[in-house]
Amino acid sequence: MLVTAAVITAFSWFDVSLGDGTGDRVYAPATASAVQPSYKLGIGKVRIDLSRVTFATPTRVKARVGMGELKVIVPSNASVVVNAHAKLGDLYVFNQHDDGRNASVHAGNGTILYLDVRVGAGRVDVIRAG
């Protein structure tokens, strides 16, 4: 009973929704129209490779993993703004890093691609292709 209560409490605090799925997911859209506005996973690893996409108009992408890892690869020359947050974990966004509880990184000064990336517990990497 106590173990069940602890698991439920942890899942709640880290915003884990098993309804968002578990496992490893890889997304690699080739066009801007194929980019989803939102990517979610309850527990596991997500890799979103946007390196082949040419963004001609402002695009917002949200990605969230409850517990696990999230990696986003953006085009090398894209104009990007990233807001990254981890309730508990590590954030690596371009050349910036934060870790621990309520880690947060705001990076970039772009006008075309806006990324909102979050993990409840885990790691976020946002890198440029190349």
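**Figure 1. Surroundings of Asp49 in the predicted model.** In this predicted model, Asp49 touches Tyr27, Ala28, Pro29 and Ile73, when neighbours within four places in sequence are left aside. Asp49 itself belongs to strand E2, which covers residues 38-49. The side chain of Asp49 is joined to that of Ser51 by a polar contact of 2.5 Å. Does Asp49 count as buried or exposed, and what is the nearest side chain of opposite charge? Asp49 is buried, and the nearest side chain of opposite charge is Arg47, at 4.0 Å.

**Figure 2. The salt bridge between Arg118 and Asp116.** Side chains of opposite charge can pair when their charged atoms come close. The structure contains 2 salt bridges, and the one shown here links Arg118 with Asp116. Their closest N and O atoms lie 3.1 Å apart. Arg118 has a relative accessibility of 36% and therefore counts as partly exposed. Asp116 is likewise classed as partly exposed, because its relative accessibility is 22% and the buried class requires a value under 20%.

**Figure 3. The salt bridge between Asp125 and Arg123.** In this view Asp125 pairs with Arg123, and the closest N and O atoms of the two residues are separated by 2.7 Å. Are the two partners buried or partly exposed? Asp125 counts as buried, because its relative accessibility is 15% and the limit for that class is under 20%. Arg123, at 31% relative accessibility, counts as partly exposed.

**Figure 4. Thr59 and its contacts.** Thr59 is a residue of strand E3. With a relative accessibility of 16%, Thr59 falls under the 20% limit and so counts as buried. Which backbone atom does the side chain of Thr59 reach? The side chain of Thr59 reaches the backbone oxygen of Thr57, at a distance of 3.0 Å. Apart from neighbours within four places in sequence, Thr59 is in contact with Ile112, Leu113 and Tyr114.

Figure 5. As for pairs of aromatic rings, the structure holds 1.

**Figure 6. Gly122 within strand E6.** Gly122 lies in strand E6, which spans residues 113-128. Which residues does Gly122 contact, once its neighbours within four places in sequence are set aside? The contacts of Gly122 are Gly68, Leu88, Gly89 and Asp90. The C-alpha atom of Gly122 is 8.2 Å from that of Val65, although 57 residues separate the two along the chain.

**Figure 7. Asn77 in the loop between strands E3 and E4.** Asn77 occupies the loop that runs between strand E3 (59-74) and strand E4 (80-93). Is Asn77 buried or exposed? Asn77 is exposed, because its relative accessible area is 69% and the exposed class begins at values over 50%. Between the C-alpha atoms of Asn77 and Thr54 the distance is 9.6 Å, and the two residues are 23 residues apart along the chain.

Methods
Residues numbered from 1 in each chain as written. Predicted model: local features only at pLDDT ≥ 70, side-chain atom pairs only at ≥ 80, totals over all residues. Heavy atoms only, no water. Helix = DSSP H or I, 4+ residues; strand = E, 2+ residues; numbered from the N terminus. Contact = heavy atoms within 4.5 Å. Buried < 20%, exposed > 50% of the residue type's maximum accessible area, 1.4 Å probe, protein only. Lys, Arg positive; Asp, Glu negative; His and termini not counted. Polar contact = N/O pair within 3.5 Å; in protein donor to acceptor, adjacent residues only side chain to side chain. Phe/Tyr/Trp six-rings, centres within 6.5 Å; stacked < 30°, edge-to-face > 60°.
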